[in-house]
Amino acid sequence: MPRQPRHAARANAIRRIAGLAPPAMLAHADWSMDSRKRWAARAARTTAGGYLALAPEPVSRLEDFFDRLSAGAGPGETVFAGFDFPLGLPAAYAASAGIDHFIPALAQFGRGPWADFYTPAGVPDEISIRRPFYPNKPGGTRHKQLTDGLGVAGIDDLRRVCDQPTDLRFAASPLFWTLGGQQVGKAAISGWRDLIAPARRTRSDLHIWPFDGDLGALLDQPGIVVAETYPGEVYSHLQLRIGAPNKSKRNQADRRDDADPLLAWAADNAVELSAALTADIRDGFGPGADGEDRFDATVGLFGMLNVVFGHRPPGDPGDPAQRDIEGWILGLDPDRLRPRGA
């Protein structure tokens with residue numbers, strides 16, 4: 001049995017102030033189309049009311065991923081799972097497609113009239129409202145081909161509000177673009193098609209924030225709550241150096257430079273760390289190519305806990321466009337967004 005955190009009383013006070021029911025299990029997955037680059041970090045609630053965080057592990061099989069999390073949480077408990085791929089559609093695209101809510105549309109993608117939705121277009125002429133991802137390979141491809149094919153004025157129209165730049169980070173890559181190191185399209189394809197949509201069809205207790213309700217209400221009931229995360233957003237929340245222009249998460253030394261703030265955050269918040277996770281953090285998650293993935297899995301987990309503890313509001317959107325269609329990034333402060341064109 002995990003030993004009790006030294007600061008459990010303080011942790012419980014923080015959670016009461018936050019007004020969020022502490023889930024029995026949290027998990028954060030750093031996602032990729034490449035299954036070898038999918039890593040998940042978990043934190044389990046202890047009998048003292050604190051959390052024990054574990055070293056990241058491969059996500060492994062998708063067909064029972066949520067079943068494994070539920071089994072770890074226990075009967076009648078709540079799992080809070082975060083994924084760093086988009087959950088939601090750009091409003092301009094949704095308007096053209098006649099979509100007024102993301103969840104029913106997600107159930108249709110890849111089926112019937114939407115059968116080609118998850119197949120990136122190979123040439124510009126193949127781009128359409130029902131085949132919006134582009135391109136399937138590099139070579140002479142441009143954003144304008146995608147915007148022309150989807151009938152929007154510019155690439156910014158294919159970004160959601162939460163994808164816009166903040167005063168601390170650049171804009172996220174638009175959902176439907178599938179080329180380059182910063183693209184998110186391939187991860188969205190994999191996450192929606194292979195994980196979220198199948199689980200939604202088979203589990204009545206799987207809820208997707210913010211489309212199914214405010215986070216507090218969702219965490220207050222048994223089952224699984226899924227949210228979109230963005231580790232690049234969390235860097236500033238945890239006061240990490242890795243987000244600076246001269247730092248790179250691909251560099252072990254730069255990841256190791258953030259060991260002290262990560263360990264201090266855990267100690268201040270009554271988050272007990274397994275010996276393996278402590279060693280990973282101190283070592284910058286090792287010299288291997290998976291170091292950046294395991295680092296982001298852990299940072300994302302700490303960011304989720306930061307919201308549960310009440311240090312940051314979830315960001316429950318009040319605007320129907322974000323609540324029903326576009327979604328939101330967990331913990332993103334809308335006041336930090338820079339207006340389009342600024």
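The numbered points below describe selected features of this predicted model.

1. Strand β5, which spans residues 78-83, has six of its six residues buried, so it is largely enclosed by the rest of the structure. In a regular strand the side chains alternate between the two faces of the sheet. Here Thr78, Phe80 and Gly82 point one way from β5, while Val79, Ala81 and Phe83 point the other way, and all of these residues are buried.

2. The pairing of β5 can be described through two neighbouring strands. Strand β1 (residues 25-30) pairs with β5 in the parallel sense over five bridges, and within that pairing Ala81 of β5 is the bridge partner of Ala27. Strand β7 (residues 223-228) also pairs with β5 in the parallel sense, over six bridges, with Gly223 of β7 as the bridge partner of Thr78.

3. The largest nonpolar core comprises 56 residues, and those with the most contacts inside it are Phe66, Phe83, Leu89, Phe176 and Trp192. Helix α6 (residues 185-202) gives the most to this core, contributing eight residues.

4. Which residues of helix α10 (residues 259-268) are buried? They are Ala259, Pro261, Leu262, Leu263, Trp265 and Ala266, and the buried residues of α10 pack against α9 (252-256), β8 (271-273), α11 (275-282) and α12 (291-308). The helix is followed by Ala270, whose phi is positive, near 60°.

5. Two packed helices are described by the angle between their axes and the distance between the axes. For α10 and α11, the axes come within 8 Å and cross at roughly 150°. Ala259, Leu262 and Leu263 of α10 make the contact with Thr278, Ile281 and Arg282 of α11, and the residues of this contact of α10 with α11 divide into four nonpolar, one polar and one charged.

6. Aromatic pairs in the model come to a count of 23. One of them is formed by Tyr134 and Trp177, which are edge-to-face at 6.0 Å centre to centre, with 65° between the planes. This pair links distant parts of the chain, 43 residues apart, since Tyr134 lies in the loop between α4 (102-108) and α5 (143-150) and Trp177 in the loop between α5 and α6. Tyr134 is buried, with a relative accessible area of 1%, and Trp177 likewise counts as buried, at 8% relative accessibility.

7. One aromatic cluster is formed by Tyr93, Phe102, Phe109, Trp114, Phe117, Tyr118, Phe133, Phe176, Trp192 and Phe211. Among these, Phe176 and Trp192 are also named with the residues that have the most contacts inside the largest nonpolar core.

8. Two cis peptide bonds deserve a check against the model. The bond from Tyr134 to Pro135 is cis, with omega near -5°, and Pro135 lies in the loop between α4 and α5. A cis peptide bond also joins Trp209 and Pro210, with omega about 0°, and Pro210 is found in the loop between β6 (206-208) and α7 (215-219).

9. Positive phi values in residues other than glycine are a further point to inspect. Ser60 has phi near 65° and is found in the loop between β4 (57-58) and α2 (65-73), where Ser60 is partly exposed, with a relative accessible area of 45%. Phe285 also has a positive phi, near 65°, and lies in the loop between α11 and α12, but Phe285 is buried, with a relative accessible area of 1%.

Key: Residues are numbered from 1 along each chain as its sequence is written. This is a predicted model: local features need pLDDT of at least 70, side-chain atom pairs count only at pLDDT 80 or more; totals for chains, interfaces and linings use all residues. Side-chain values use heavy atoms; hydrogens and water are left out. Buried means under 20% relative accessible area, exposed over 50%, partly exposed in between (1.4 Å probe, protein chains only). Helices (H or I, at least four residues) and strands (E, at least two) are DSSP runs, numbered from the N terminus. Two strands pair if DSSP finds at least two bridges between them. Contact means heavy atoms within 4.5 Å. A nonpolar core is a set of buried Ala, Val, Leu, Ile, Met, Phe, Trp, Tyr and Cys residues joined through side-chain atoms within 4.5 Å. Axes are lines fitted to C-alpha atoms, for helices over the stretch in contact, and angles run from 0 to 180 degrees between N-to-C directions. Ala, Val, Leu, Ile, Met, Phe, Trp, Tyr, Cys and Pro count as nonpolar, Asp, Glu, Lys and Arg as charged, and the others, Gly among them, as polar. Rings of Phe, Tyr and Trp (its six-membered ring) pair if their centres lie within 6.5 Å; planes under 30 degrees apart count as stacked, over 60 as edge-to-face and the rest as tilted.
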